[in-house]
Amino acid sequence: MSVTKITTSAIAIVALTATAAAAREEIRRVGSSTVFPYTQAVAERFANTTEFPSPIVESTGTGGGMQIFCGGIGESFADITGASRAMKASEYQMCQDNGVTSITEAQIGSDGLSLAVSVESPHDWDLTLGQIFLALAAEVPVDGEWAANPYTNWSEIDASLPDVEIEVLGPPPTSGTRDAFVELAMHAGCEELEYVQNGGFDGDWVEENCSRMRTDGPFIEAGENDNLIVQRLQSDPTALGIFGYSFVYENLDTLAGVKIAGTTPSLETIGDGSYPVSRPLFFYIKNAHRGVIPGFEEFLTEYMSEDALAPGGYLNERGLVTLSEERRDELRERVANSVPMEAPAD
Amino acid sequence: MTDLTTDNAGPGPRNLTTEAVKNSLGRRNRKQLYLQGLGIAAITFALTMLFILIWSLVSTGHHAFTQTHVTLDVYVDPEEISEENLPRGGFSEVLLASMAQQFPDIDVSDRAEARKLSSILSDGAQFQLRDRVVSDPSLIGQTVSLTVPLSDPYDQLNKNLVRRDTPENRRRVDDAAIARFDQLADRGMISTPLNFTLLTAADSRFPELAGLRGALVGSFWALLTCFLISFPLGIGAAVYLEEFAPKSRVSDFIEININNLAAVPSVVFGLLALAVFIGWFGMPRSAPFVGGLTLALMTMPTIIIATRAALKAVPPSIREAALGVGASKHQVVFQHVLPLAMPGILTGTIIGLAQALGETAPLLLIGMNAFITSAPSGPFDSATALPTQIFIWADSPERGFVSRTSAAILVLLGFLIFMNAIAIFLRSKFERKW
């Protein structure tokens, strides 16, 4: 009897303190899973070298991160969100509506998207974006008509390609990697096609017709877990997988990057732009939280330091493709002075 | 059988029946044998699957229970590290210098060459040295013997997870690196002790430094919250429904709903918690307290059902006897029925909590899958839990996390077995037979 009384009163006390114990000591980061490993590295470094509590780094995906970040000002909303694409106009508006008026945008570098095969693969893969589009799109030109994708074998697309079944494992639509792949590889591949070039179609047409991945088998949505895709590739050496380059870089003993138009993905080719499929990585800073959350300034200083961002820095070692020196200086300046971003155009 | 039929039926049908029984005997025995065979096959199948699961976990996970270390003599150079500047100082430079002593042929003034040496040691080595010097500043100017973890690629090499016979371009460690490692090994500097870091450290992005402490403490707070809420509420609800509530449509309706609630997918509770606890009440994200509240919602139906079954099992004679000597209804329940039902209730509670311990989906939704490099100090600090930590590690690109994921699963399974063993113990020790 008394035990029950004690427990119920204990719960009551705990429940009351729950709302009181909200004063946040640590930095909170949400957002893209692609930027996650970099923020993770900075956070661990920061926790090890300063007296401040460890930042909380959560991977929610770019869109999910924006929802939390733009939710408002205050302890329950994140201070930083990572994004594997620039903030959309609608997201900026949501931020404004919720009182998050001053945001600083920081591009920390870029990340390549890479098709990869198992190192056991018997073929030497070299694809053009057009071929990738023909292999993976839901609808492609067939004999001058825009029709459902008939290709089941790589050699049907081009005789020079290996005579194996098309089998590509990729991320689901909720993933930022998928968004980026559609935009950077599929749209660009679509625009390379003769049918599209001769037809005089504009960008809107491309976006409308070239964005759908095929669902009849050759393209397989394999979930967000890249390690699972690696295991599938190892058991099936003729299959291809779609990854962020930083992941391929960590697994170079099991994965080989597929050349695109003759260029092998590497830190160098992605950095100088010669590898065509790469995207910028951002993080967004809520300026209203600066000076309020303890250690926020120091965290940003660590993030912006040459140790982190420069070539050979610890983010570069994790696979981040770095910015040029002027752009790093300009970025550091902008973050230090908390220059707010302008409303995005689209 | 034949005697029975003799009494009941005439001579004609009797013969027929015995004939029929005799004729079908072989067929029926065969059927029974089939059934037994199928049963044994099913059990064998289940055991094989269990064995494969455990074997695959142990065969990948056992690598994580040891960690390759190197023992170095480090001269704590007063030019790099001074007492006034602590805890800051050139600890990585000091470590690099002592590595350079081992490999005089490498020119450490070249940055790329120096990286080759410093990458042998774990990134955490400099912080280990720092903590040691901070706790005893008199070490400055002396030479200390330091045992620090090797970085993940070399650890993998030592455990033969990086095979030396694969071509060089397919390995994370090149031939020169292997040669350096062998040199250290030849000098007896390499050791592979038990990996206590796995239990004592919080998360890290370096596999050799990552541990489960944050997850274990987070799971502890979440389960404690879950227990403190679901146990009294669950028992209260069950006692009322079983002992006091009048049998009516309303109580039937409640009963059906409780049974249904036990079958609701856990992710639904996660969404509910996200909307209500975090959205409305403004509770902190990623906090074990919120995780515990969510798990309590899931555990409560299990406890209610188990408690009601335990209460039902107490024979009515005990209630009647107590009532007979003049006890009030409430005295009967709290002084007689509830203590007798307690072993059953506790068993149900522990099994419910064990389920809650392994639950992942609702915790992912309330943000308990964050990367945090320190363990929480209370139920309101952000933390992960065991299953979400497994989720994070399974998703990490570094190779060392493959074995650590399996090891973490083994730790989780260990806790589950432990909790179920307590439940079995309580049942066999305190259960009464009437």
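Reply: Start with S286(B), in the loop between α11 (266–280) and α12 (288–313) of chain B. Keep in mind that this is a predicted model.

Me: Why is S286(B) called buried?

Reply: Buried means under 20% relative accessible area. S286(B) has 0% relative accessibility, so S286(B) counts as buried.

Me: What makes the phi of S286(B) worth a remark?

Reply: The phi of S286(B) is positive, about 65 degrees, although S286(B) is not a glycine. Most residues other than glycine have a negative phi.

Me: Which loop holds N160(B), and what is its phi?

Reply: N160(B) lies between α6 (152–158) and α7 (175–186) of chain B. The phi of N160(B) is near 65 degrees, again a positive value in a residue other than glycine.

Me: How do you know whether S403(B) is buried or exposed?

Reply: The cut-off for buried is under 20%. S403(B) has a relative accessible area of 7%, therefore S403(B) is buried. S403(B) sits in helix α17 (residues 400–430) of chain B.

Me: What does S403(B) touch, leaving out residues up to four places away in sequence?

Reply: S403(B) touches T60(B), G61(B), H63(B) and A64(B). As for I303(B), 100 residues from S403(B) along the chain, the two C-alpha atoms are separated by 36 Å.

Me: Why is Q131(A) called buried?

Reply: Q131(A) has a relative accessible area of 11%, and the limit is under 20%, so Q131(A) is buried. Q131(A) is found in helix α5 (residues 129–136) of chain A. Not counting residues up to four places away in sequence, Q131(A) touches D126(A), W154(A), I157(A), D158(A) and L161(A).

Me: What does W154(A) touch in turn?

Reply: With residues up to four places away in sequence left out, the partners of W154(A) include W125(A), L127(A), Q131(A), L161(A) and L240(A). F133(A) and W154(A) have the most contacts inside the largest nonpolar core, which has 55 residues. Another core, of 44 residues, lies apart from it, and among its members are L293(B), L295(B), L353(B) and L412(B). In soluble globular proteins, nonpolar side chains tend to be buried together.

Me: How many residues of chain A are buried, as a percentage?

Reply: Of the 346 residues in chain A, 53% are buried. Chain A has 16 helices and 13 strands, and its C-alpha trace spans about 75 × 60 × 40 Å along the principal axes. Among the contacts in chain A with a separation of 6 or more, 71% are between residues 24 or more positions apart.

Me: What makes D123(B) and R45(A) a salt bridge?

Reply: The rule asks for a side-chain nitrogen of Lys or Arg within 4 Å of a carboxyl oxygen of Asp or Glu. The closest N and O atoms of D123(B) and R45(A) are 3.7 Å apart, so the pair meets the rule. Two salt bridges are found across the interface of chain B and chain A.

Me: Which helices of chain B each supply at least two residues of the side that touches chain A?

Reply: These are α4 (111–118), α5 (125–135) and α9 (213–244) of chain B. That side of chain B has 15 nonpolar, ten polar and 13 charged residues.

Me: How many residues take part in the contact, and what area do the chains bury?

Reply: Chain B gives 38 residues and chain A gives 43 residues. Between them the two chains bury about 3700 Å², with 51% of it on carbon and sulfur atoms.

Conventions. Residues numbered from 1 in each chain as written. Chains lettered and ligands numbered in written order. Predicted model: local features only at pLDDT ≥ 70, side-chain atom pairs only at ≥ 80, totals over all residues. Heavy atoms only, no water. Contact = heavy atoms within 4.5 Å. Buried area = accessible area lost by both parts, 1.4 Å probe. Helix = DSSP H or I, 4+ residues; strand = E, 2+ residues; numbered from the N terminus. Nonpolar A, V, L, I, M, F, W, Y, C, P; charged D, E, K, R; others polar. Core = buried A, V, L, I, M, F, W, Y, C linked by side-chain atoms within 4.5 Å. Buried < 20%, exposed > 50% of the residue type's maximum accessible area, 1.4 Å probe, protein only.
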